[in-house]
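Visitor: Please take me through a structure feature by feature. For each one, give me the general idea and then the case at hand.

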Amino acid sequence: MPLTAELQCRAMTHADLPHVLALQHICYQPDFHEPLDAFESKLRAAPDTCWVISAGHASVQAYLVSLPVADEAYPVLHASQCDASTLPDELYLHDMAISPVLRGRGASRRLLQMAIEQAHSMGLQRLSLIAVQNSASFWMRQGFHARQPTSQQVADKLASFGSDAMLMSHTLAHNLGGA
């Protein structure tokens, strides 16, 4: 794919899910491969916080699945039932994958910016995620910091992502003065 191909970011649709699953298999170790019903449930619960990127005429080359949650109600890995909170206080970035052909071309920054803008529009206080596969340093460069689970329930969910998983958050700055 030529480096000049424009990145096109848009809302994820059900028709994108086969491409999302294929990309997940390229980017993640087998323990992290979630089934179709897990993605369907998350997309159904939060269609406004899931995005894909394509470049040129290529199919989905990057995606971000995120969920508005309250009280750290993060889904466990492989959860086939997922519900978005009606009164969320943060946006949980559940899964982001970037095709090797798009790495270094700004796709992750573009998806993260979409999440930040959506979180701001929803009045949310922070973004959170569980870093896996040695990705914590990447997320730190994006302004996230490691934090300890605040309850045994959150610790159990964190453990479902493996022994090296790290809970991380990014507090959002809000314009309090209006502009």
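Guide: Start with the element names. Helices (H or I, at least four residues) and strands (E, at least two) are DSSP runs, numbered from the N terminus. Pro47, for instance, is found in the loop between helix 2 and strand 2. Keep in mind that this is a predicted model.

Visitor: Where is Ile116, then?

Guide: Ile116 is found in helix 3. Its relative accessibility is 17%, so Ile116 counts as buried. Setting aside neighbours within four places in sequence, Ile116 is in contact with Leu127 and Leu172. His170 is 54 residues from Ile116 along the chain, with 9.7 Å between their C-alpha atoms.

Visitor: And Gly104: buried or exposed?

Guide: Gly104 has a relative accessible area of 80%, so it is exposed. Its place is the loop between strand 4 and helix 3. Gly104 lies 28 Å from Ala46, C-alpha to C-alpha, and the two are 58 residues apart in sequence.

Visitor: How should I read backbone angles?

Guide: Most residues other than glycine have a negative phi. Now look for residues that go against it. Asp71 has a phi near 55 degrees, a positive value in a residue other than glycine. Glu72 also has a positive phi, of about 55 degrees, although it is not a glycine.

Visitor: Which loop holds Asp71?

Guide: Asp71 sits in the loop between strand 3 and strand 4. Glu72 lies in the loop between strand 3 and strand 4 too. Their accessibility sets them apart. Asp71 is exposed, at 69% relative accessible area, whereas Glu72 is buried, at 10%.

Visitor: What about the nonpolar interior?

Guide: The general idea is simple. In soluble globular proteins, nonpolar side chains tend to be buried together. Here the largest nonpolar core has 30 residues, and Met12, Tyr63 and Ile130 touch the most other members. Helix 1 (17-27), helix 2, strand 2 (50-55), strand 3, strand 4 and helix 5 (152-159) each give two or more residues to this core. Another core lies apart from it, with 27 residues, among them Trp51, Leu102, Ala115 and Met168.

Visitor: Which residues is Met12 in contact with, beyond its neighbours within four places in sequence?

Guide: The list is Leu17, Val20, Leu43, Cys50, Trp51, Val52, Tyr63, Leu64 and Val65.

Visitor: How many aromatic pairs does the structure hold?

Guide: It holds five aromatic pairs. Read each by centre distance and plane angle. Planes over 60 degrees apart count as edge-to-face. Phe39 and Tyr63 are edge-to-face, with 6.0 Å centre to centre and 85 degrees between the planes. This pair links distant parts of the chain: Phe39 belongs to helix 2 (residues 36-45) and Tyr63 to strand 3 (residues 60-69), 24 residues apart. Both Phe39 and Tyr63 are buried.

Visitor: Why is the pair of Trp139 and Phe144 edge-to-face?

Guide: Their ring planes are at 75 degrees, so the pair is edge-to-face; the ring centres are 5.2 Å apart. Trp139 has a relative accessible area of 9%, so it is buried. Phe144 is buried as well, at 3%. Trp139 and Phe144 form one aromatic cluster with Phe138.

Visitor: Last feature. What is the volume of the largest pocket?

Guide: About 620 Å³. It is lined by 30 residues, and the closest to its centre are Tyr28, Met96, Ala97, Ser135 and Trp139. Strand 4 (90-98), helix 3 (107-121), strand 5 (126-131) and helix 4 (136-141) each give two or more residues to the lining.

Visitor: Which element gives the largest share of that lining?

Guide: Strand 4, with six residues.

How values were computed:
Residues numbered from 1 in each chain as written. Predicted model: local features only at pLDDT ≥ 70, side-chain atom pairs only at ≥ 80, totals over all residues. Heavy atoms only, no water. 1 Å grid on protein atoms, 1.4 Å probe; cavity = no way out; pocket = protein on both sides within 12 Å on 5 of 7 lines; lining within 4 Å. Points joined across faces, edges and corners; volume = space filled by probe spheres on them. Phe/Tyr/Trp six-rings, centres within 6.5 Å; stacked < 30°, edge-to-face > 60°. Buried < 20%, exposed > 50% of the residue type's maximum accessible area, 1.4 Å probe, protein only. Core = buried A, V, L, I, M, F, W, Y, C linked by side-chain atoms within 4.5 Å. Contact = heavy atoms within 4.5 Å.
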